[in-house]
Each structure stands twice: as C-alpha cells, then as structure tokens.
Amino acid sequence: MTSSPALPLPFDETRRRGGLLTGLLSSDLPRSRALSFILLAIFVLLAATPFLFSGSQPVGTAAKICVFIVLVASYDLLLGYSGIVSFAHTMFFGIGGYGIAIALERMGPTWSSAAIGLIAALALSAVLAIAIGLLSLRVRAIFFSMITLAVATAAAVLASQLSEITGGEDGLSFQLPPALRPAFRLFSEPVFGTMINGRLLAYYLVFVVSLLVFLALLRIVNSPFGRVLQAIRENEFRAEALGYRVVAYRTAASVISALAATIAGALMALWLRYNGPDTTLSFSIMIDILLMVVIGGMGTMYGAVIGAALFVLAQSYLQVLMGAGSAALAGIPLLPNLIHPDRWLLWLGALFIISVYAFPGGVVGRLRQGKS
Amino acid sequence: MSDMAAPSSAPAELPRAKTDWLPLLLIPALGLLALPFVGSPSTWVTLTVAGLAMGMMIFLMASGLTLVFGLMDIINFGHGVFISLGAYATLLVLGPLAGWALSDSIGLNLALLGLCILVAMGVTALAGAVFERVIVRPVYGSHLKQILVTMGGLIVTEQLIHAIWGASPIPIPLPQSLRGAFVLGDIVMERYRVIAVVIGLVVFMGMQLILNRTRIGLLIRAGVENPEMVEALGYRIRRLFVSVFIAGSALAGLGGVMWAFYRQTLTAGMGMEVMVLVFIVIIIGGLGSVGGCFVGSILVALVANYVGFIEPKLALISNILVMALVLVWRPQGLFPVARR
C-alpha cells in the first residue's frame with residue numbers, strides 16, 4: 001500500500017518508517033489491492049460476526065475460521081517457508097486440545113487449571129517436536145514426512161486407547177471458567193442489540209489470541225530467522241555451506257510451528273467445550289490443513305487466512321450447493337454420485353492438484369500476479 | 001541382495017560385494033529373544049507364523065514403493081490408494097463368481113483367489129500407468145511437490161472409490177476352504193496366513209530372480225545405483241521407470257487383495273491405514289532396497305505380534321520404537337542403496 005514502487009521487493013529489514021500498520025504486519029504487506037481488500041473484509045467480518053449475525057452457527061463458523069487460520073499459518077511456516085512436509089501437525093493440535101480438556105475436567109473450571117493445561121501441553125509439544133526433528137531431519141528431509149505420519153498415527157491410536165485419561169473415542173466434555181459460560185453477563189443491558197454474554201467473550205478470546213499468534217508468526221517469518229529458513233528451502237546445501245546449521249534451523253521451525261498448533265488446539269477445545277479424536281486428531285483434519293495451505297498459497301502467511309476462510313466456508317455451505325446439483329441430475333448414472341454432497345472433497349482434491357501444478361502461489365500468488 | 005550366491009565362507013579375496021549378514025541375523029535373534037517371554041513354544045510358533053504372514057503382506061505392499069523411490073527418487077504418498085483399489089477390484093470377481101467362494105472344493109477356492117489377484121493386479125497396473133502419467137510425471141525432481149501432488153491424487157482416487165462403490169464398508173467373505181486353521185499338536189496355524197506366507201515368499205523369490213538373473217533386473221539395479229550412467233549408456237531409463245512404477249502398483253494391488261481377505265472388510269481408507277507400516281518398513285529397510293524391505297517387513301510384523309502378546313499397551317508404539325532403534329544404529333536404514 002505505502003511501499004514505494006522503486007523497491008519491488010521488501011528486502012529491507014532495517015526500514016521501519018511505515019507507521020503502525022507496517023509495524024504490526026512486520027513490513028510484509030499484502031502487496032495487492034484485491035488481496036488487501038479481501039483480507040480487510042475477512043478481518044472486519046470476523047471481528048464483528050457476533051453483532052452482524054444472529055444464531056449460533058455463524059459465530060461457530062467464525063470461531064472455526066479463527067482457529068484454523070492459526071493452525072494453517074503455523075503449518076505454512078513448515079511447508080511454505082521451510083519446505084518440509086509434516087503429517088504430525090494434527091498431533092500438536094490434539095495435544096493442545098487435550099491439555100485444556102484434561103486440565104479443566106480434572107482440576108475444575110478455573111483459569112489457573114486452564115493455564116496449567118496449556119503450559120503442560122506446550123511443554124509436551126516442544127519435547128516431541130525436538131525429538132522428531134532430531135531423529136529424522138538429520139538424515140533426510142523426506143524421512144521427516146514419513147516419520148511424522150507414523151508418529152501422528154501412533155498418537156491418534158494412543159489417544160483413543162488410553163480412555164481413562166483421554167476419554168477414548170468419546171472424548172472429553174468439560175466446564176469452562178464461569179466468565180466464559182453462556183449464563184455470564186458482562187453488562188445487564190444489551191450492546192448494539194446483542195447481549196454481552198460469556199459465549200461472546202469466549203469468541204473474542206479465540207479471536208484476539210488467534211490474531212496475536214498470527215501476527216507473531218508473521219513477525220517470525222519476516223525476521224532474519226525466517227529468511228534463513230527460506231534460504232534453506234531454496235538451497236539446503238548452499239545454506240549449510242554459508243554456515244547455517246540446517247538441522248538446528250529446521251528443528252527450531254518445527255518447534256515453533258508445533259507450539260502455535262498447540263495454542264490453536266487449546267482455543268478449539270475452549271470454544272467447543274469438548275475435545276475428542278475426531279475434532280483435533282484425525283487424519284482428515286491433516287488433509288484439510290494441506291488443502292487450505294496449498295489453495296490459499298504456500299509461503300505467504302496471508303494464504304493461510306484466505307485458505308482457511310475459503311475452506312471452512314466451503315465445508316459449511318458448498319455441500320448445500322452440491323446437494324442441489326446432485327438432485328437436479330438424479331436420472332443419470334454415476335454423475336449424481338460425483339456431485340453428491342459427501343463428495344465435496346473430490347473437487348477440492350482436484351483443485352488442490354491443479355493448484356500445485358498451475359498456481360504454486362495459490363490464491364494469494366494469483367492475486368499478487370494480477371496486480372503487476 | 002545381489003550376493004545371494006556369494007560363497008559365505010570365502011574371505012575378501014574375490015572382488016565381490018560382501019554380504020551384510022547382520023540385519024538378516026536380526027530376525028532369528030528377535031525370535032529367540034521373544035521365546036522366553038512368550039513362554040509356551042506352541043504359542044510362540046503361532047505368533048511367529050502370524051507375524052510372518054503379516055510381514056509378507058506388508059512386504060508385498062511396500063516392495064513396489066521402495067523400488068520406485070530408489071530408481072527415480074520419487075516418493076509416492078498415493079501408493080496406499082492402489083492397495084485400496086486392488087482390494088475393491090476383488091468385488092469385480094466376487095460379484096459374478098460368488099458361488100465359487102461358497103463351494104468346499106479347495107481347487108475352486110484357490111482359483112477364485114488367483115483370479116481376484118490377477119484382476120486386481122490388472123486394475124492397479126492400469127491405474128498406476130494413469131497415475132504416473134497424470135499425477136507424477138509433471139513433478140519429477142521436486143520432493144515437496146511430489147508429496148503434495150501424490151497426496152492430492154490419493155484424496156481424489158479415494159473419493160472416486162467412494163463414488164463408484166459407495167462410502168460404507170463392504171464385507172467380503174473368505175472362501176470356504178481357506179477358513180479355519182491347521183492344528184499340529186498344540187500348534188495352531190490359520191490356513192489363510194500360511195497361504196499368505198507362501199505367496200509372499202514366491203513373490204520375493206520371483207523379484208530376486210528378476211532383479212539378479214535377468215537383463216531388465218540388471219538395468220533396474222544399475223538405475224537405482226546411478227540413473228545418469230544408465231541413461232548415458234543409451235537405455236531409456238524413463239521407460240524403465242514407468243514399467244517399474246506400473247509393476248509396483250500391481251504389487252500393491254496384490255497386497256491389497258491379500259490384506260482385504262485378511263481383514264474381510266473393504267474401506268477406501270484401508271490402504272492409507274496400512275501405509276504407515278509401509279513407510280516404517282521402507283525407512284527401516286533403506287530406501288530403494290528390496291532385501292531391506294523384506295527384512296524390515298518381517299521385523300516390524302514380528303515385533304508387533306510378540307509385543308502385542310506380551311504387553312498389549314506397548315504394541316501401539318512398538319513400530320516407532322523399532323524404527324527409532326534401527327535409525328540410531330544405521331541412519332540410512334538396514335541396507336542403504338540409493339545414495340542421494
């Protein structure tokens with residue numbers, strides 16, 4: 001927006017004169033008018049959802065988008081910025097969820113137990129991420145993908161087997177601290193026609209924490225550390241020759257990404273007041289994350305915002321459209337099956353393949369290209 | 001494993017590659033180690049046969065993938081869907097020939113199994129050819145894109161299976177005479193597992209023969225070690241690779257049939273579930289090594305069986321532990337082949 005046209009690349013760590021917005025976004029501006037507009041629209045809509053729409057479904061969708069933005073952005077730190085594919089991201093997501101769920105269920109619905117649960121989950125995630133990274137990244141980056149897949153599957157099985165701790169397949173339901181319960185009222189009068197209750201506070205807790213984590217991730221990828229990660233992604237051998245310890249940097253990236261995913265998991269559990277294998281640990285969520293990153297755009301944090309928003313909306317509303325289409329084609333063999341509402345993943349999968357081939361930058365890359 | 005024929009007693013006078021016996025010794029060592037913990041010898045035999053059968057099935061599914069990786073440096077995360085596809089292809093045979101499965105004649109039952117395998121291998125070979133052309137070919141050379149695109153292929157193909165055969169699990173009965181078990185004294189061996197061991201051994205020996213005793217096998221092994229050199233000598237390595245990819249897919253289909261009759265239910269995700277084991281096996285064996293893949297499969301399956309019997313809770317993570325231990329011992333896997 002305010003970046004000078006003489007410098008097409010924002011290759012300027014030291015330039016800090018862009019004002020508040022540039023500072024918040026770590027000098028990594030959207031660099032496309034359409035993209036800025038879409039991001040602004042998503043931000044405003046997410047910020048104002050409880051006041052704009054009535055009923056619980058829109059707020060639930062908005063909360064899910066917030067959580068997934070953090071989750072997808074943290075995954076993009078690995079996939080887009082470091083160039084390594086992990087399949088254990090849902091494991092860290094699940095650890096966050098279970099940390100909150102187990103702590104609040106066992107130790108009572110207070111803020112301190114939530115904090116203890118979160119800290120324990122963060123510690124566990126960090127230890128696991130370091131262990132996986134050191135075991136697999138020192139050999140070959142491609143081992144990392146396979147080993148994370150194995151470890152994540154083991155974690156999912158473990159969570160459903162250790163039912164006395166995790167609640168098994170049923171998961172855990174728990175009470176939130178009083179200030180976040182629906183019965184809580186901040187003011188006795190409604191504000192702008194909406195009652196400020198605990199549910200709304202819970203939404204804003206999710207929103208604000210997501211925003212902060214997202215901005216922190218944006219800061220990290222635009223720091224010198226983030227530049228080294230990108231250098232390793234582009235040419236591992238050369239980065240090593242320049243004196244950067246590739247294993248250490250990649251392991252650090254996977255730890256940071258794991259911690260952010262853990263926070264996302266904790267937010268998810270707080271919002272749902274429940275955590276189980278299907279909401280945080282399942283492999284299908286991992287596939288969803290992959291789709292969101294690639295369709296939104298790898299290697300840009302804004303891709304995570306677009307990807308998550310697009311995907312969650314599609315998940316909620318595309319199926320309705322496909323149901324109508326399927327009903328319209330009822331007589332023809334196979335065709336109605338292909339656009340049956342349950343087959344929506346088929347089309348997103350095809351879109352995913354096309355994105356990898358034709359638009360490696362995803363939606364964001366496309367929008368930025370359109371500008372220049 | 002080019003050294004099966006090497007005289008084991010001869011010291012290093014001949015310029016032949018020395019056989020690396022240590023990983024092979026792991027299997028009997030593991031068996032003996034487990035014996036005192038299991039207790040009764042008859043249970044031990046049952047567990048070992050079951051483990052061997054499981055190992056053979058994993059080997060069938062993994063061998064194609066490891067060759068493809070060794071030859072062309074392509075990692076195919078969509079390999080699992082060929083397993084599912086092979087499993088679903090049995091329905092093409094079981095549908096019209098349902099009577100054969102119910103008859104008591106062992107000949108008819110085995111013929112049915114053979115026919116299932118043939119059809120499944122045909123279907124998956126065809127699917128493999130299409131998959132290679134459409135999904136894999138545009139992304140040679142970039143691991144990141146390969147992982148992403150083959151995952152995309154996996155999603156789409158899995159959904160297509162759902163669209164064609166429906167989303168709910170389909171039960172498939174084991175042919176009549178393949179059910180039950182052989183009983184020798186105290187020892188109980190399920191018939192189907194014995195058959196799985198036989199088929200696995202036949203395929204393994206067939207692969208060893210082709211790889212070590214034929215011209216095409218020589219080319220494949222040379223291609224795994226140094227593809228540029230083979231190409232420079234005037235062979236079309238790309239064509240070789242496509243045929244190996246197709247053969248690998250067909251082997252996955254074969255493994256899928258065996259796995260389907262073992263589970264006796266079909267789900268589109270069944271291939272992806274077993275892929276975790278397949279990847280562990282490939283990492284343990286050393287990427288690109290068929291022999292390592294064989295040893296790794298048996299190792300993983302035996303450990304899973306013994307641990308599952310001795311301490312069931314530990315069985316969930318025993319595979320990961322085996323993998324971690326092997327990687328600490330030999331970071332490139334038991335038999336490192338592809339040096340890239």
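Here is a quick tour of a helix pair, a chain interface and one proline. The model is predicted, so to speak of local features a pLDDT of at least 70 is needed, side-chain atom pairs count only at pLDDT 80 or more, and totals for chains, interfaces and linings use all residues. Residues are numbered from 1 along each chain as its sequence is written, with chains lettered from A and ligands numbered from 1 in the order in which they are written.

**Two helices in chain B**
- Helix α1 (residues 21-38) and helix α2 (residues 41-72) of chain B pack at about 135°, with axes 9 Å apart; helices here are DSSP runs (H or I, at least four residues).
- B:G31, B:A34, B:L35 and B:V38 of α1(B) meet B:T43, B:W44, B:L47 and B:T48 of α2(B); contact means C-beta atoms, placed from the backbone, within 7 Å.

**Where the chains meet**
- Chain A brings 31 residues into contact with 31 residues of chain B.
- On the chain A side, α6 (141-161), α13 (283-296), α15 (335-338) and α16 (344-358) each give two or more residues.
- The most come from α6(A), with 12 residues.

**A look at A:P58**
- You'll find A:P58 in helix α3 (residues 56-82) of chain A.
- A:P58 counts as partly exposed because it has 15 C-beta neighbours inside 10 Å; 20 or more would be buried, and 12 or fewer exposed.
- Leaving out residues up to four places away in sequence, A:P58 touches A:T49 and A:F53.

Notes
Axes are lines fitted to C-alpha atoms, for helices over the stretch in contact, and angles run from 0 to 180 degrees between N-to-C directions. Two residues are in contact if their C-beta atoms, placed from the backbone, lie within 7 Å.
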